[in-house]
Amino acid sequence: MKMLKIILASAITAGGTLTTMPALASSPPKSVLTQGEQLRKHTTQYNQVILTGNLVKLNDLYDGFTGLLIKTEAMIGKTPGKSNRQKLNEQYIRAAKIAKERTIYEVSEYRLMNYIEGKLNQANIETAQNDFSKLKRLHQRSVSIKNSGRYTLLPRSIQQSLDNREILLNMKYKQLIDSLDPNNPDYLFPKLTELKNHWHILNETEKKDIVQKDAWTLVGDTKYLGYLPKHLAFLYHLSGDSDYKEMVKDIITLYSKFYLKNNRLQSKDYQKTGWWYRDQFARDNNGLFEAYKYTGLTEVLNFVDNQATLWVNQVQRGENNGYIVFPYGISDEGKMGPLEINPNQNLQVASLFSELYWEPKSKFYRSQTAMDIVMNETGAVLSLQKPNGSLPLTQNLPLVEDTNYGGYSGNMLYQLAQVWGNLAWVKASADIGHWLYKEYTMDHPWNMPADAPNYAIDRVGSFNLISRTLQFYAAGIPDPYVKNWIKFAEKRFPDEKLYLLDRWYFFQSIPRDYLDERIIRKNQLPPRIFSDATAAEASVRIIAEELKETNIKIINIENNEVAESLSIPEDIRQPISLKRGTYELQTESREENGKITKNSLRIIISEDNTLFQLNVMLFDRNHRFYQKLK
């Protein structure tokens, strides 16, 4: 600029006239040539990698190569002289652009696949379909350009590697879709599926340590040992994979060897307390009994029978509120705990002995002791139920409504009510549903410190919300509200699974698709039939997800004559005239899943023309609790 001013000043001083001179041709600046040679070198290197078909290395080089191309092209664009620019573009840019354009779509596909894989690794499938569509469009564009003949084809290995990877990603996507399908057993307990796949290579010490882990995640130790065999048995029931059944058998052996203290099944945490608590005893053995029903393993039932016998023989019952109940537990020294009624604990005990009472292969089958336990433990709990349907947290906290475990207690009461056909229990179960529905909304789902004295402790989790569903079902709360409640539980605790496929599966009468419309898998258990009789009447309860057909015959076994034959589409209370004699009441029930259960009951009629009362109660999707109370 200074030199220019001097020239201008000289011209003016000399009195000359300032005129424009034509530009003189000059060589490109050295900096541009240096930049061009650097690009040429990288282009050669890039083309050599193309020839090797190494797409990973091409991806690594791509950004640096194309960045250098952009920079060089910009410098050339600023170079004086059109002929210079044309020459430089031909000398350096053209070859680099061809190399870039030959591979741009393949590198883009590779990178999109990296993105898709990252999403799938996080079990994120929200954008997967769109991402796979983009991948398809990129491939189609690549093929179109190659077919134009403008560029030399890439080595076949590059496209082959992309095709192979796309196949693997699609497989992974499908597996993830299957695993996230609520109908898929592996979706329930993926960690247990993984455990099954390498269980056979674990040594005894490793297995011993694993069986005390959390039964859902296998992370951290658990206080309750009954859940893991229950979950594995359920997976066996759904999948038919005998490896799960063998695992349950192994676990019973491990429990017998490592987890008995004074012959009492206890987790390591409970062993440290010095007490055998009724909650832990009943909860563990309820889980084990359910495992028995799914697998049919007699060693599991024998284990439960032995634990129940030990409990009955060692734990002394006492009177409370007019009922004879078990205390909180027994210490290692033989001391009895308090007799305080705690609804969910007493109902746990009642549930266990109820199942054993009705199990033909159990030592407690139709045992008067077992029935007495069921009636007293359940009666004691319901003696605390308030007019609004609520249950207290414990007997000693009558003002604290149990919004944390109220649904849990109600779940067990639901099963007891349908198994025994006790209408008072049916009503009590429905009343719990009405209480929770009316008094604890989504805005105020449980009692809080501000609700004192109706408050004692927080147990905030998804189960406290979802456990009410069965009570809502019993009470006949409108289905749209219940479905919204389930969604509310999911949104409130997004990181906690609701386990809707197996939730109350064992109870049978609440359909899977009621809990989640995506579940199309039917309950595969056969109908359960419970029957008993006196000289004056018989009671039959039939439980299934959806009953297709039920028939009852009353046959005189002395002459094989059919005294009465009935088809049972609905509950009945029907008197039947019978002559003196011995009869067999035969019940056959068919589920929509095709399973059939038969049951027989002996009846003795001592006088002719006796009006014998036959009561039949059905429990399934079409015969719900609230309908029986109208």
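How many residues lie between S12 and S13 in their hairpin, and which residue in the turn has a positive phi? The number is four, and the residue is Gly-594, with a phi of about 95 degrees.

The legends below describe a predicted model, in which local features need pLDDT of at least 70, side-chain atom pairs count only at pLDDT 80 or more, and totals for chains, interfaces and linings use all residues. Residues are numbered from 1 along each chain as its sequence is written, and side-chain values use heavy atoms, with hydrogens and water left out.

**View 1. Strand S12 pairs with S9 and with S13.** Strands (E, at least two residues) and helices (H or I, at least four) are DSSP runs, numbered from the N terminus. Two strands pair if DSSP finds at least two bridges between them. Nine bridges join S9 (residues 547–556) to S12 (residues 581–591) in the antiparallel sense; Lys-553 has Gln-586 in S12 as its bridge partner. Ten bridges, also antiparallel, link S12 to S13 (residues 596–605). Leu-585 stands opposite Leu-601 in S13.

**View 2. An open sheet of four strands has the order S7-S8-S14-S11 and mixed pairing.** Strand S7 (528–533) and strand S11 (572–578) are at the edges with a single partner strand each, so one side of each has no neighbour in the sheet. On average, neighbouring strands of this sheet are turned by 20 degrees against each other, direction ignored. S8 (residues 537–543) and S14 (residues 610–619) run parallel and are joined by seven bridges. Val-540 has Val-616 in S14 as its bridge partner.

**View 3. Helices H11 (residues 242–258) and H14 (residues 298–314) cross at roughly 35 degrees.** Their axes come within 9 Å; axes are lines fitted to C-alpha atoms, for helices over the stretch in contact, and angles run from 0 to 180 degrees between N-to-C directions. The crossing is left-handed, that is, the near helix is turned anticlockwise from the far one by less than a right angle. Val-248, Lys-249, Ile-252, Tyr-255 and Ser-256 of H11 meet Glu-299, Val-300 and Phe-303 of H14 (contact: heavy atoms within 4.5 Å).

**View 4. Thr-72 lies in helix H3 (residues 55–77).** Thr-72 is buried, with a relative accessible area of 1% (buried: under 20%, with a 1.4 Å probe and protein chains only). The side chains of Thr-72 and Gln-35 are joined by a polar contact of 3.0 Å (a pair of N or O atoms within 3.5 Å, one able to donate a hydrogen and the other to accept it). Leaving aside neighbours within four places in sequence, Thr-72 is in contact with Gln-35, Gly-36, Leu-39 and Ile-93.

Notes
Buried means under 20% relative accessible area, exposed over 50%, partly exposed in between (1.4 Å probe, protein chains only).
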